[in-house]
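This report walks through one protein chain, from its overall make-up to selected side-chain pairs. Please keep the sequence and the model open while reading.

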Amino acid sequence: MVAVPPKLRMTPKLGMMLLGGAITLIVIKVLLRAFVIVQVGEVGVIDNPQKILAPPLMPGVYWLNPLDNVVKISTRTQVQHETLELTSQEGINFAVNVGLKYHINPQKSGTFYQVIGDNAQAILRENLAAALRSAASQYSLKVIYGNQNQVIAAKVQSLMNQALDSQGLVIDGVSLIHFILPEEVKSSIQERFIAEQQAEKRKTEAKGLADALRNFQGLIAPQNVINVVSDDSSFIVKDKNKH
């Protein structure tokens, strides 16, 4: 036969014990809430009921007002990729894949939290598009597509930092990764580049041969010296002994 435990009777003593336990749990919870640890690579922003912008909390251990809510924000470098449509100086439409590196300035993290908050990616994309379109409209497609695109990227980075610095965002780098051109435009540019490279190669070869012939003059008798005339693309040899 199973014994039935006696019913628990609420007595003044038991009531005081339960009340004391509840108060203890509340106190522990409040104390834990006031104890805050900010890790390396992040910053703490105090979101208080009065919405007063307090100094940011750098990595460390803090004892705060339990009524204050601490929001932790990463200050590590982050990467965002976008594909945007642009127009060159000549009015040619094309697209480009862009890599964006950025981080949040710890000293301005409070402003970042209040002004930008969870909208960082959207705001970055909006500012990136505006800066890229402004920069692209000042250059020809040949410059943008060629080996000078780093100039465009640096200009975009500068424009974005000017616009976003006061809001706590720092742009560490902009990379124009891949261009998407109309097929006919791409073929035309590639043909032009090949022609320019071949012309530069012929010019270098002609100059090298002309320099070699000049050096050879020092090894022969003066009466047999020859003159070398070069126009950087061809050369003419003239014998001084012939009139």
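The protein chain holds six helices and nine strands. Both kinds of element are DSSP runs, numbered from the N terminus: helices are H or I with at least four residues, strands are E with at least two. This is a predicted model, in which local features need pLDDT of at least 70, side-chain atom pairs count only at pLDDT 80 or more, and totals for chains, interfaces and linings use all residues. Residues are numbered from 1 along each chain as its sequence is written, and side-chain values use heavy atoms, with hydrogens and water left out.

**Whole chain**

Of the 243 residues in the protein chain, 30% are buried. Buried means under 20% relative accessible area, exposed means over 50%, and partly exposed lies in between (1.4 Å probe, protein chains only). The chain exposes about 16,100 Å², and carbon and sulfur atoms supply 57% of that area. Accessible areas come from the Shrake-Rupley method with a 1.4 Å probe; for residues, only the protein chains shown count as cover. Among contacts with a separation of 6 or more, 67% come from residues 24 or more positions apart. A contact here means heavy atoms within 4.5 Å.

**Salt bridges**

Side chains of opposite charge can pair when their charged atoms come close. How many salt bridges does a search of the whole structure find? The search finds two. The criterion is a side-chain nitrogen of Lys or Arg within 4 Å of a carboxyl oxygen of Asp or Glu.

| Salt bridge | N to O distance |
|---|---|
| R125 and E82 | 2.7 Å |
| D165 and K108 | 2.9 Å |

R125 and E82 meet in a salt bridge. This pair links distant parts of the chain: R125 sits in helix 3 (residues 120–136), E82 in strand 5 (residues 78–87), and 43 residues separate them. E82 counts as buried because its relative accessibility is 15%. R125 has a relative accessible area of 36%, so R125 is partly exposed.

D165 is partly exposed because its relative accessible area is 36%. K108 is partly exposed with a value of 27%.

**Strands 6 and 7**

The count of aromatic pairs comes to one. F94 and F179 form this pair, which is tilted, with 6.3 Å centre to centre and 40 degrees between the planes. F94 lies in strand 6 (residues 93–104) and F179 in strand 7 (residues 169–180), 85 residues apart. Rings of Phe, Tyr and Trp (its six-membered ring) pair if their centres lie within 6.5 Å; planes under 30 degrees apart count as stacked, over 60 as edge-to-face and the rest as tilted. Are F94 and F179 buried or exposed? Both are buried.

H103 also belongs to strand 6. Its side chain joins that of D172 in a polar contact of 2.9 Å. Such a contact is a pair of N or O atoms within 3.5 Å; within protein, one must be able to donate a hydrogen and the other to accept it, and residues adjacent in sequence count only if both atoms are side-chain atoms. Leaving aside neighbours within four places in sequence, H103 is in contact with residues including T75, R76, T77 and D172.

**Nonpolar patch**

F35, I37, V61 and W63 make a nonpolar surface patch of about 430 Å². Patches are made of residues with over 30% relative accessible area and no salt bridge: like charges are joined within 9 Å, nonpolar side chains (Val, Leu, Ile, Met, Phe, Trp, Tyr) within 5 Å. Strand 1 (35–38) and strand 3 (60–63) each supply at least two of the patch residues. F35 is in strand 1. F35 counts as partly exposed because its relative accessibility is 40%.
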